[in-house]
Every structure is written in C-alpha cells, then in structure tokens.
Amino acid sequence: MTTRDFGNFINGDWADALSGETFESRNPADLTEVLGTFAKSGAADVDRAVQAAKDAYPSWLGTPVPQRADYVLRVALLLEERKEDLSETMTREMGKTLKEARADVQEGIDFAHYMAGEGRRFFGDTIPAELSNKFYMTVRHPIGVAGLITPWNFPIAIPLWKIAPAIVSGCTSVFKPAEDTPLCAALLVDMFREVGLPPGVLNLVNGMGDEAGAALVDHPGVNAISFTGSLEVGRMISEKCARSMKRCSLELGSKNALIVMPDAQMDLAVESAAWGAFATSGQRCTATSRLIVHDRVRAEFTERLVDRVSGMKVGNGLDPEVELAPVINEQQKKRVLEYIGVGRQEGAKVLIGGEEPQGEEYANGHFLTPTVFDEMTPEMRIAREEIFGPVTGIMNVESVEEAIAVANSVDYGLSCSIYTHDITNTFKAVQQLEFGVIYVNAPTIGAEIQVPFGGMKNTGNGHREAGPQSLDEFTEWKTIGIDFSGKLQRAQMSEP
Ligand code: UN1
C-alpha cells in the first residue's frame with residue numbers, strides 16, 4: 001500500500017499547514033506500515049479555514065436545499081463505488097475487522113442517502129393564529145459556521161453523521177477529525193471536492209485535539225460545535241462554548257449494559273454479549289461493558305460466554321478469521337491494561353483474558369486478548385468508568401427491579417439491552433431505564449441511521465444524531481407571522 005500525503009482542505013484547495021509541520025498515521029496491526037503524512041495544524045490554519053467557511057456561508061444559505069442535498073447524494077454514490085477500497089484502508093488505518101469497516105462505510109452511505117432525501121423535505125410547520133387574517137409558519141435556518149470534531153472509532157460513519165446534516169442545513173463547516181484516522185477523513189473530504197461542492201462549504205483541518213481542536217472551539221467565528229468523544233474533553237468543550245454562547249452538541253462516553261433475565265433465549269444472549277462487548281475491540285460508545293445477569297441463569301450464561309470468547313481469534317483485521325482486531329494506539333492499550341489491573345485490585349475476578357497475546361505475529365501491533373470479569377459490583381471503577389476496550393464484566397442480580405437499578409446506577413446513559421420474553425418485565429425496563437437507546441432482545445451496538453441516536457446523563461447534553469433530529473444540531477427555528485388584516489391587531493388584546 002502506498003503512503004499518501006494530505007494537507008488541509010481549505011476553500012476548495014489542499015494546502016500544507018502554515019508551519020509546514022506534519023504527522024504520520026500508522027497501521028495499529030502493523031506499526032511498520034505508514035499510511036500517510038498529514039498537516040499538523042495550529043490556530044492560524046484553523047483561522048484560515050473558519051474564514052473560508054464564513055465567506056462561503058451567504059451564498060450557501062441562498063442555495064436551494066435540494067441542491068445542497070444533491071452533493072450529499074453524489075458522495076453517497078461515490079462511497080458505494082469505493083466501498084471496498086475505502087473499507088480496506090479503514091482496516092489498515094483504524095484496525096477494525098474488514099467486515100466491520102464495510103459496515104462503517106455502509107452506515108455512512110445509508111445516512112448520506114437519508115440526508116439527501118431530507119433535502120426534499122426539510123419541513124417546517126404551519127400553525128393557526130389566534131388573530132384573524134394572520135398566518136404562522138416555521139422554517140429551519142442554518143446556525144452558521146459549524147466546527148465538527150470526530151473520533152477515530154467510526155472514521156467514515158461519524159464524520160458523515162455531522163457533515164451531511166450540516167451541508168443540508170445550509171451550514172458551512174470546519175471538520176477536525178481524530179488524529180488517529182486522518183487518511184479516512186481526507187479521502188471522504190476529497191469526495192466532496194470531486195462532486196463539486198462549492199469552495200469553503202466544507203473545510204478540513206487535521207491535527208491534534210489540544211491544538212487544532214482547541215483553536216476551533218475557541219474561534220469566535222464558529223457558531224456551533226458538534227463533538228463526539230470522551231466525557232473529559234466534552235466537558236471542556238461545553239465550558240468553553242458556554243462562555244462564548246456557541247451551540248454545542250456532545251456525544252460522549254457510556255457504560256452500557258446488557259440484562260439477561262431467566263427466560264432469556266440463552267444462545268442469543270451469549271452471542272449478543274460477545275458481539276456487543278468485543279466488536280470493534282470494545283471501542284464503541286455503545287459497547288456492552290456490563291453484563292447484568294439474573295442469579296438463576298448466571299452459571300450457565302457465564303460458562304457459555306467464556307466458552308464463546310475463548311474461541312475468538314485475535315489478530316490483524318484483514319484476516320477474515322479474526323474476531324478481535326487491535327486497539328487503536330499504545331495509549332489506549334495501556335489504559336485498558338491499567339483498568340484490568342484496577343478491576344483485579346477491586347476484587348473482580350478475571351475469567352478469561354486480561355493480558356496481551358503472546359507471539360511473533362503480535363509484536364508490531366496494539367493487540368489485547370478479550371477480557372471477561374466476574375463478580376463485578378456496581379461501586380467498582382470498572383463498573384462505572386468507560387474503558388473503551390475489549391473488557392466486560394458480569395454482575396449478579398436477583399430481580400428485574402434490581403437489574404434496572406444496577407443498570408441505572410452509572411453516570412452515563414447511551415444504550416441498554418434486556419433479554420427476556422416477559423412482557424411485564426420488558427415494559428418495566430423500557431419505562432425505567434435511563435438510556436437514550438433501549439433494545440429488547442438485540443445487542444447494545446448496531447444503531448440504525450434513521451432513528452435518533454444519543455444518550456442521557458453524562459453521555460451528552462440533550463442532542464441527538466442520526467434520524468430526523470440530526471437537523472436540529474445545525475439549525476435554528478424561525479417563526480414567521482404574516483398579518484394580512486390590514487390593521488393593527490394586538491395579541492391577547494384584540495377582539496376576535
Ligand atoms: C459510537 O460508537 O460512537 O451503535 C457510535 C453502533 C454504531 C454507532 C456507535 N452504529 O454500534
């Protein structure tokens with residue numbers, strides 16, 4: 001595979017960082033492979049990109065919505081054509097298995113199609129007035145210049161969750177992708193260039209979070225920030241945005257749970273737990289990091305899960321047999337190993353995994369074995385804090401009420417599953433679980449793009465991505481009242 005070099009994409013052109021500095025992207029399964037070098041941007045580059053976005057805004061605002069959406073449709077079609085190549089690049093750059101990389105690209109394609117359709121709707125309401133000969137309507141108005149900051153775990157899907165609605169809404173944007181996946185980001189942005197998106201509507205600035213990302217959040221010319229990442233960074237962004245009164249939508253961490261009731265279909269529960277905990281090596285904000293299992297089936301569930309996990313092949317995601325691909329980088333690997341140590345100290349028992357795999361084939365990558373803890377209890381740090389790696393833990397409960405209380409006992413609330421066929425328990429859980437996405441007899445991962453996605457508590461700040469709600473991140477509502485009575489009508493005072 002050839003090494004690619006990309007600068008920033010500003011006002012329709014690729015350009016090096018003003019400092020001339022660069023950084024590399026390497027394959028987490030084989031660190032000797034360099035995928036490319038990328039502009040390491042600072043505040044001056046961000047300033048240029050924001051200026052380009054500001055300059056492009058007035059004419060983009062005046063562009064008909066179906067026309068804006070058409071660029072998104074054309075990128076969807078290009079992505080379909082290039083799906084296989086792009087998926088392979090993603091596996092090399094981010095590590096996830098090729099099957100999962102294809103699904104990531106597919107999620108991007110699906111959402112781009114969905115948003116392209118939204119360009120022919122973009123509905124507002126008409127609302128009756130109290131006064132005679134008066135008419136009300138609401139229209140969406142773009143919020144202006146948006147800063148889009150994305151993580152590395154879904155290098156195509158999550159950027160599109162932000163870029164596509166920003167474009168359709170009439171925002172112009174500056175996109176700062178994660179420093180671990182700059183190649184996927186550059187290839188995606190280049191497709192928007194190829195389909196002729198007007199210069200300045202979408203700008204890309206690569207670089208580190210504390211330089212390029214921070215400069216974007218701080219820039220007075222940016223009206224809204226959409227961020228997906230950790231709680232720690234999200235809190236910082238939220239504080240900064242509060243001071244400058246920027247719109248800020250956050251999609252942060254979680255501590256998702258899968259509840260197994262005694263009447264669960266056991267093979268399904270076991271397979272879903274393994275998939276939810278270890279797909280993408282646990283690096284999804286929807287990953288199943290807690291298994292809340294009813295005492296009556298705990299022994300059976302545990303035995304079957306350990307058996308299933310012990311058969312998982314760890315390795316390079318390009319190998320079709322591999323189920324557990326590497327984690328993203330050295331720092332993340334260390335963090336996961338530290339958490340495993342914390343869990344042991346807290347008294348949880350490692351049933352399987354808990355270490356780095358041994359062998360020549362693992363020497364050049366960030367590999368970990370899949371880890372299952374037993375005897376995890378709600379007050380443990382490993383049961384409360386997001387690990388973002390291939391680690392899950394079993395917790396014992398004796399009733400549906402206790403299961404719901406344990407599930408709700410964390411500060412996060414993105415996704416939660418319950419495995420049961422009991423209608424009463426199902427509805428109790430659906431009513432009482434404090435999670436933004438709830439699944440019954442389906443895993444905690446695998447959101448579909450046409451439904452709103454986001455979480456309660458520290459997972460976010462009330463916004464939702466995907467689904468029709470995704471337009472809310474990038475638009476303001478304008479209420480328009482038209483009085484054609486020809487006289488002054490005083491609201492709440494005029495005679496009917
Ligand atoms: C994320 O991990 O940040 O629900 C998003 C899922 C995905 C979305 C995850 N489609 O598994």
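Buried means under 20% relative accessible area, exposed means over 50%, and partly exposed lies in between, with a 1.4 Å probe and protein chains only as cover. The model is predicted, so local features need pLDDT of at least 70 and side-chain atom pairs count only at pLDDT 80 or more, while totals for chains, interfaces and linings use all residues. Residues are numbered from 1 along each chain as its sequence is written, and side-chain values use heavy atoms, with hydrogens and water left out.

**View 1. Salt bridge between Glu 179 and Lys 176.** A salt bridge is a side-chain nitrogen of Lys or Arg within 4 Å of a carboxyl oxygen of Asp or Glu. Glu 179 and Lys 176 form such a pair, with their closest N and O atoms 3.2 Å apart. Glu 179 is partly exposed at 29% relative accessibility, whereas Lys 176 is buried at 3%. In the whole structure, 26 salt bridges are found.

**View 2. Salt bridge between Asp 190 and Arg 193.** The N to O distance in this salt bridge is 2.6 Å. Both residues lie in helix α6 (residues 182–194), and because they are three residues apart, about one helical turn separates them. Helices are DSSP runs of H or I with at least four residues, strands are runs of E with at least two, and both are numbered from the N terminus. Asp 190 is buried, with 16% relative accessibility; Arg 193 is partly exposed, with 37%.

**View 3. Salt bridge between Lys 457 and Glu 434.** The closest N and O atoms of Lys 457 and Glu 434 are 2.9 Å apart. This pair links distant parts of the chain, 23 residues apart: Lys 457 is in strand β21 (residues 456–457), and Glu 434 is in the loop between α13 (423–432) and β20 (437–440). Lys 457 is partly exposed at 32% relative accessibility, and Glu 434 is partly exposed at 30%.

**View 4. Salt-bridge network of Glu 21, Lys 40 and Glu 211.** Salt bridges link these three residues in a network.

View 5. A disulfide is a pair of cysteine sulfur atoms within 2.5 Å, and the search of the whole structure finds zero. For Cys 248, the nearest cysteine sulfur belongs to Cys 241, 4.1 Å away. For Cys 416, the nearest is that of Cys 285, 15 Å away. Cys 248 is buried, with a relative accessible area of 10%, and Cys 416 is buried as well, with 0%.
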